[in-house]
Amino acid sequence: MNAAKQTLPEDAAHVLIVDDDDRIRNLLKRYLTENGFRTSVAKNAKEARALMASVDFDILILDVMMPGETGFDLTKSVRAASNVPILLLTARGLPEDRIEGLEMGADDYLSKPFEPRELLLRVNALLRRAAPKSIEKREVKFGGCTFSLGRGELRKAGELIRLTSGEAALLKILAQKPREPISREALAEQTAQGMERSVDVQVTRLRKKIEEDPRAPIYLQTVRGVGYVLMTD
């Protein structure tokens, strides 16, 4: 298929690919375009910032090991101002690297080399999680917080609290079964985090946004030997 001649719908998701490897950049651009995405590319964080200043992207795919500003650095900076889903790519597949990426605010992590099909599945999963379902109107309340399951929005004392798509997905699963413990394994599977340790990282970040004292959580509690539970009003 000639991607350059393909006509995409106006509402096609727009992906920004940031990687210093020309081959990977071009491969992903061609593959994602052939699968219905609008795509833009940048070879470093500087170019990516210039593009993001003028375009609202639906998802970012960032290489970790870029010269200068790394993918971790860019993720942390982007996350401070945006909820856009972020998928990190790296040749370093150690669990510590994945955890660091999640701590910076990434939503998912894919080790090189990878199958383009797997990347496509992960991109689609992140976009589904980021897009709220209009039929879900329910809200849950805990303390001074209100979480909308449909919009994936958390408000504390009426103020909107910024969540990553991963945090929103985790909170949504817990909010669907309030006061019912859910195992770390199930949470890892349902949020596409893949690792129970990654769920722990997301919980820690959520507690900082929800709890008055994250070290003594009242609402997002640990159930020893099981997992986590959301204690709603």
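In this predicted model, helix α8 lies across strands β6, β7, β8 and β9, running at about 40° to β8. Those four strands form an open sheet in the order β6-β7-β8-β9, with antiparallel pairing, while a second open sheet is built from three strands in the order β10-β12-β11, its pairing also being antiparallel.

- Besides α8, which lies across β6, β7, β8 and β9, helix α6 lies across β6, β7 and β8 (153–156), and α6 runs at about 95° to β7.

- The antiparallel pairing of β11 with β12 extends over four bridges, and T222 stands opposite Y228 in β12.
- Helix α8 lies across β11 and β12, running at about 145° to β11.

**Nonpolar cores**

- The largest nonpolar core has 25 residues, of which F142, F147, L154, L171, L174 and L187 touch the most other members.
- At least two residues of this core are supplied by each of β6 (139–142), β7 (145–148), α6 (165–176), α7 (184–190), α8 (196–210) and β12 (227–230), and the largest share, six residues, comes from α6.
- Apart from this core lies another one, of 19 residues, which includes A13, I24, L110 and V123.
- Leaving aside residues up to four places away in sequence, L171 touches F142, F147, L154, L163, L206, I210 and L230.
- As general background, nonpolar side chains in soluble globular proteins tend to be buried together.

**Helix α3**

- In helix α3 (residues 71–79), the buried residues are G71, F72, L74, T75, V78 and R79.
- Seen down the axis of α3, these buried residues fall within an arc of 165°, and they therefore line one face of the helix.
- The cover over the buried residues of α3 includes α2 (45–52), β3 (59–63), β4 (86–90), α4 (95–104) and β5 (108–111).
- The N-terminal end of α3 is capped by T70, a side-chain oxygen of which lies 3.3 Å from the backbone nitrogen of F72.

**Residue T90 in strand β4**

- T90 is found in strand β4, and its relative accessible area of 0% makes T90 a buried residue.
- Not counting residues up to four places away in sequence, the contacts of T90 are with D63, V64, M65, Y109, L110, S111 and K112.

**Backbone features in the loops**

- Most residues other than glycine have a negative phi, and most peptide bonds are trans.
- The peptide bond from K112 to P113 is cis, with omega near -5°, and P113 has its place in the loop between β5 and α5 (116–130).
- A157, although not a glycine, has a positive phi of about 55°; A157 is placed in the loop between β8 and β9 and is exposed, with a relative accessible area of 73%.
- R179, a residue other than glycine, likewise has a positive phi, near 65°, and R179 lies in the loop between α6 and β10.

Methods: Residues are numbered from 1 along each chain as its sequence is written. This is a predicted model: local features need pLDDT of at least 70, side-chain atom pairs count only at pLDDT 80 or more; totals for chains, interfaces and linings use all residues. Side-chain values use heavy atoms; hydrogens and water are left out. Buried means under 20% relative accessible area, exposed over 50%, partly exposed in between (1.4 Å probe, protein chains only). The arc is that of the directions from the helix axis to the C-beta atoms. Contact means heavy atoms within 4.5 Å. A polar contact is a pair of N or O atoms within 3.5 Å; within protein, one must be able to donate a hydrogen and the other to accept it, and residues adjacent in sequence count only if both atoms are side-chain atoms. A nonpolar core is a set of buried Ala, Val, Leu, Ile, Met, Phe, Trp, Tyr and Cys residues joined through side-chain atoms within 4.5 Å. Two strands pair if DSSP finds at least two bridges between them. Axes are lines fitted to C-alpha atoms, for helices over the stretch in contact, and angles run from 0 to 180 degrees between N-to-C directions.
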